[in-house]
Amino acid sequence: MLSDKELKMEFRKKASQKPENYYAVNVLKKEGYSRKSCMNCSRFFWTATDSGFCGDPACSGGFRFFGKSPAKHEMDFVEVWQKFARHFQKLGYEPIKRYPVAARWREDTDFVQASIYDFQPFVVSGEVEPPANPLVVPQFCLRFNDIDNVGITGAHYTGFVMIGQHAFMKPRDWNQEDYFRDIHSWLKKGLGLPNEEVTFHEDAWAGGGNFGPCMEFFSRGLELGNQVYMQYEVTPSGYKDLNIKVLDMGMGQERNAWFATAKSTSYEAVMPTVIKKLYKDTGVAVDSRIIQKFLPFSSYLNIDETEDIDRSWNDVAKKVGVEVDELKQKIIPLSAVYSIAEHSRSLLIALSDGMLPSNSSGGYNLRMILRRALSFIDKHKWEIDIHKLMVEHARYLKPQYPELQEHLVEVQEILEVEKRKYTETKKRASQTVSQLIQKHGVSPEKLVELYDSQGISPEIVAEESEKAGRKIRIPDDFYSKVAERHIKNSRTQETEEKYDLKGIRETEALYYSDYKKATFKGKILATIGSAIILEQTYFYPTSGGQEHDTGTIAGERVVNVTKQGNVILHFLEKPHKFVQGEAVDCQIDWERRKQLSQHHTATHIINGLCRKMLGNHVWQQGAAKFPDKSRLDISHYEALTEEQIRKLERDANEIIKKQLKVKKYFLPRNDAEKKFGFSLYQGGAVPGKSLRIVEIEGLDVECCGGTHLDSTGEAEQIKILKSSKIQDGIVRIEFTAGNAALRLNKEKEGITKELAAILGCEPEQIPGRAEELFEKWKQKTKKGKQVETALSSTKRHDGDILAKASEIFRTQPEHLAKTARRFLEELRR
């Protein structure tokens, strides 16, 4: 099997031999274009001039549009999308809103990295209809492979808008010439470019077993976009046409705005008001004479494409006509300004879409660009408020992304927490770095390790090293090296035993319709060892964090239920003699089913309340529902306070009192996403063209396959046991509901009664007596500091009396009586 790169090269070679079969040759010829092979790189391209060179900047002489763009229509960043949308709407395309940059509907990535990500995998595969067809979308994307280039080259970004032109067509409806004609009309009429100013490159694209031709378009050395025609798939016997052919045109909104305004850097064109504010706040002045000479060669400093960055700086300095030190003095502060502007925009949109900076997964890269921006501010001793920059970004982007205005307060709260963590890290760093410098010094590898394990930025290390009279070199691709460690390519899947289910049709799952159904008649479809497969079943299999049902089939004990694909397997406790086609009476353990359903609905209640109380950044990060208790892990930047826990429990029980209806129904994926947005995917990505929706009216709507109550009142009561911060950015809440909560209350009453008897007081006097006992015990035993338990990092909510006693005795509620007896015995000795 060929790699994507090999497949692309092979197909491009094949397409170049008969371009009329793969590219819009008729349209190009009609427009006066002729096909040539580049005299420098040998690439095939189309031009309306007599030039022998393709449009790539390395072949055509770099960027050549500064100060005077060939585009007749000048547009700022927001105007590019507005005009593009109007232009394509007239051509029959429907403009749609961007998807969140947090790709919750996918399992293989944290962030959207291209506009086509919005429609993978379900639309591209043909399983689900697109939201419109054809369509255009201003999709914000995040990529972290070019962090070190941001600010230097004048064109690199971590966050950018890929304007997508997309169509998903059956082969009979596919019209590649029309799609090409449409994008050409944008270049010609939208930007106002004559054909002589646009060069088209023949290319190919391959990925994920699919491939097709591609046409790139350049003007004055700048690639404005490219149009991919995803038409074929790889098979063992060769390749064949896709059932759905996909148009995937991606055009950088930033590049088009830069090109149309002919600004010296793309950042000035894309973020004009923020850059203006930063120039004022920092006092950094732009030396127009040097910048205009520098920018055509700035791409030579692309860290990914140069083997010796120092040599590249010297080469560029010679071309500009200044000493390398002078060039760096002019460019480095400017690159810091541009990086701060760029990173603050990326963070604003990611945080508004519900992501959190953290020390793992995609959140790691968000924290990295925030700390990179803060490091620039510290290094240059600038007075810059990043949140104020975000407010300005949101104001400027309001015509395109009005939703950013809604989350500014929440974003500010997150930033304050992150800045506090950054300051604490700097304080810790001083001692750590000093010891390293004295012992071993700091290698480039150690720099990456320090940042990855302790969050100590290379700028902090450099600063501490200078204080010790030593100099360290920060790798020019430092942040890219770190980012590589945390870019998610795929999630590891849990491995479990797989059974040969070939020829066995899917089980009809009846538990969706009626969670109260505990008895039913079934028919055996197949048997595999101790497992029985029924034609249809009310038994719930372990999934979605909810434990399986137990019960009996024809009197035989069912101890486990699992789901493999769409087949549900019932495992019996003992060997059986059941045969295919046999009719059986089935009984589900109702009390267990009811308790699990109470815990599952309670999980949705608490999750919905957390989002209302804490903010849009709260997402379910994990959940488990057992018969005795349940737990919910949410994304949040700090541990919950006692007050928040009390409010959460109080509000949860108010929801129960209101007896809100719990609706359960199926919707086509598109309809569900349009109606409720992507917050549906609280439990992660869900496959299929139809989604099961669980809606608690006015509180919470999620895509969920679990068993749920019909009303919140059926949960009876919710009791929060404890809450703890289990890792950076993730808080765990443990709780019980229904009978489990009632049993817990009785246990607590027993503990309270026993403790009061031991201490010889009334229940309400327990905290005071416990305080007296503990102080006497400390004085006599000279144990000033009792060994701390997990309680110190855990906020418990076991009722005021026991909670206070637990704090005093430094132990868990279930150990209070034992601890009190021990203290009294030691005092009597």
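Predicted model: local features only at pLDDT ≥ 70, side-chain atom pairs only at ≥ 80, totals over all residues.
Trainee: Let us begin with His201; where is His201 found, and is it buried or exposed?

Mentor: A residue counts as buried when its relative accessible area is under 20%. His201 is found in strand β6, which covers residues 199-207, and because its relative accessible area is 0%, His201 is buried.

Trainee: What does the side chain of His201 reach, and which residues is His201 in contact with beyond its neighbours in sequence?

Mentor: The side chain of His201 reaches the backbone nitrogen of Gly55 at 2.8 Å. If neighbours within four places in sequence are left aside, the contacts of His201 include Arg43, Phe44, Phe45, Cys54, Gly55 and Asp56, as well as Cys214, Met215, Glu216 and Phe218.

Trainee: Turning to the nonpolar cores, which residues touch the most other members of the largest one?

Mentor: The largest nonpolar core has 169 residues, and Phe84, Trp186, Phe200 and Leu327 touch the most other members. Helix α11 (residues 324-352) provides the largest share of this core, with 14 residues. Another core lies apart from it, with 31 residues, among them Cys610, Ala652, Ile655 and Ile718.

Trainee: What is Phe200 in contact with, once its neighbours within four places in sequence are left aside?

Mentor: The contacts of Phe200 include Leu28, Tyr33, Phe45, Trp46, Phe180 and Leu187, and also His184 and Glu216.

Trainee: Finally, how do helices α18 and α21 pack, and which residues make the contact?

Mentor: An angle from 65 to 115 degrees counts as roughly perpendicular. Helix α18 (residues 590-614) and helix α21 (residues 738-759) pack at about 90°, with their axes 7 Å apart, and α18 and α21 are therefore roughly perpendicular to each other. On the α18 side the contact is made by Glu591, Lys594, Gln595, Gln598 and His599, and on the α21 side by Gly738, Asn739, Ala740 and Arg743. By type, the residues of this contact divide into one nonpolar, five polar and three charged.

Conventions. Residues numbered from 1 in each chain as written. Heavy atoms only, no water. Core = buried A, V, L, I, M, F, W, Y, C linked by side-chain atoms within 4.5 Å. Buried < 20%, exposed > 50% of the residue type's maximum accessible area, 1.4 Å probe, protein only. Helix = DSSP H or I, 4+ residues; strand = E, 2+ residues; numbered from the N terminus. Contact = heavy atoms within 4.5 Å. Axes fitted to C-alpha atoms, helices over the stretch in contact; angles between N-to-C directions. Parallel < 35°, antiparallel > 145°, perpendicular 65-115°, else oblique. Nonpolar A, V, L, I, M, F, W, Y, C, P; charged D, E, K, R; others polar. Polar contact = N/O pair within 3.5 Å; in protein donor to acceptor, adjacent residues only side chain to side chain.
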